Amino acid sequence: MKKLISLLVVSLFALTTLFSAQLMTATWEWDGGDEYVAYYRYQLDSTDEDGWVVVDSSVTTYSQEDLDPYVAHTLYIESSYDGENWSETASATAEPLLSASDTPEEVTEPAEDVVVVEEPAEDVVVEETPVVVEANTSPSRFAFSLLVRGGITSPANMTRIDPAFYSVGSEYIDPNITAGLSLDFANIITADNALGFGLRFDFDYIADPKTAYAGGTEFFNPNGYYNDVSATVLLTMDARAGVMNLQFGLGAGTTAFLGQTTALATSANWDTSMNGYDVAWNVFGEALVGVRFYIGDIFSLGLEGYYRIMIPNYEDMDWGANLVLGFTF
């Protein structure tokens, strides 16, 4: 800022009221001498931080009536480019028109204008006030969880007549043991305080017994099982209420049947042999629902159920239930 207020002109008048009490009117005029000045602020007889009156640069005069003519009155004024940073204070004083020896009935004629010239102050560098954008302080609800799963699954074929293990009507049911690992990215997008949408990646291993559990020795024989592996991608929706988290999922995946001829393998999209070892591939759609209860901020325990339908024949199915142990980071 090149200059402070360079010129203050004070005009003084004395008025007589109906009660013969003499009062003074004073008018201050100023010229900042800087075309870039956008604001002025002034204050009469004080420089209290909360007492400033801020006006734009078009206002260059200030008048005050009913002033005590027996004392001096000083106007303090500052200028600013941005309304935040202010120059040093300039001032001009209206001297008293009357003294204690003057009689109350005396009326003082308008005094001549008193011109008070302030010396230009040194150049003041006004730093631009940085604009601070307030950061979003809402806590993120994104949560990454590692889920360890284990349970029972069963393929079914609604048209099969000769079941390998157990039948209900025309259904083919063959309970299998399953274990899985999931990478759950919850609340990537949030809808409100409770709902969130995310992604989940499931990796499963299914041990399919070659026999009907006829003997205990076969149950513990690693060679007595076919091996299935699958990978699934799910779009998820989580609804959290206190320590309970309810999750729904829809997605698709692929499964490989290794060395077996179960119901799902017989309807596979691809069937091949690798070094005499049968490998069948299939794709499926999946729907999932589960509930987990949090124990603290990290651990959770719950139960999930899922339903798969093989594509493209839509006859072979796979459903199951898993216990879930979660670790949320």
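What share of the 329 residues of the protein counts as buried? In this predicted model, the share is 36%. The fold contains two helices and 19 strands. Contacts across the sequence were then examined. Of the contacts with a separation of 6 or more, 62% join residues 24 or more positions apart. The protein exposes about 18,400 Å². Carbon and sulfur atoms supply 60% of that area.

Part of the surface forms a nonpolar patch of about 600 Å². Seven side chains need naming here: Val148, Leu181, Ile295, Ile298, Phe299, Leu301 and Leu325 make the patch. Phe299 lies in strand S18, which covers residues 299-311. Its relative accessibility is 42%. Phe299 therefore counts as partly exposed, because that class lies between the 20% limit for buried and the 50% limit for exposed.

Backbone geometry was considered next. Asp45 is not a glycine, yet its phi is positive, at about 60 degrees. Asp45 sits in a loop. This loop runs between strand S3 (39-44) and strand S4 (53-56). With a relative accessibility of 40%, Asp45 counts as partly exposed.

Asp66 also has a positive phi, near 60 degrees, and is a residue other than glycine. Asp66 is placed in strand S5, which comprises residues 61-67. The relative accessibility of Asp66 is 56%, so Asp66 counts as exposed. The cut-off for that class is over 50%.

Methods. Residues numbered from 1 in each chain as written. Predicted model: local features only at pLDDT ≥ 70, side-chain atom pairs only at ≥ 80, totals over all residues. Heavy atoms only, no water. Patch = residues over 30% accessible without salt bridge, like charges linked within 9 Å, V, L, I, M, F, W, Y side chains within 5 Å. Areas by Shrake-Rupley, 256 points an atom, 1.4 Å probe, with all protein chains shown as cover. Salt bridge = Lys/Arg side-chain N within 4 Å of Asp/Glu carboxyl O. Helix = DSSP H or I, 4+ residues; strand = E, 2+ residues; numbered from the N terminus. Buried < 20%, exposed > 50% of the residue type's maximum accessible area, 1.4 Å probe, protein only. Contact = heavy atoms within 4.5 Å.
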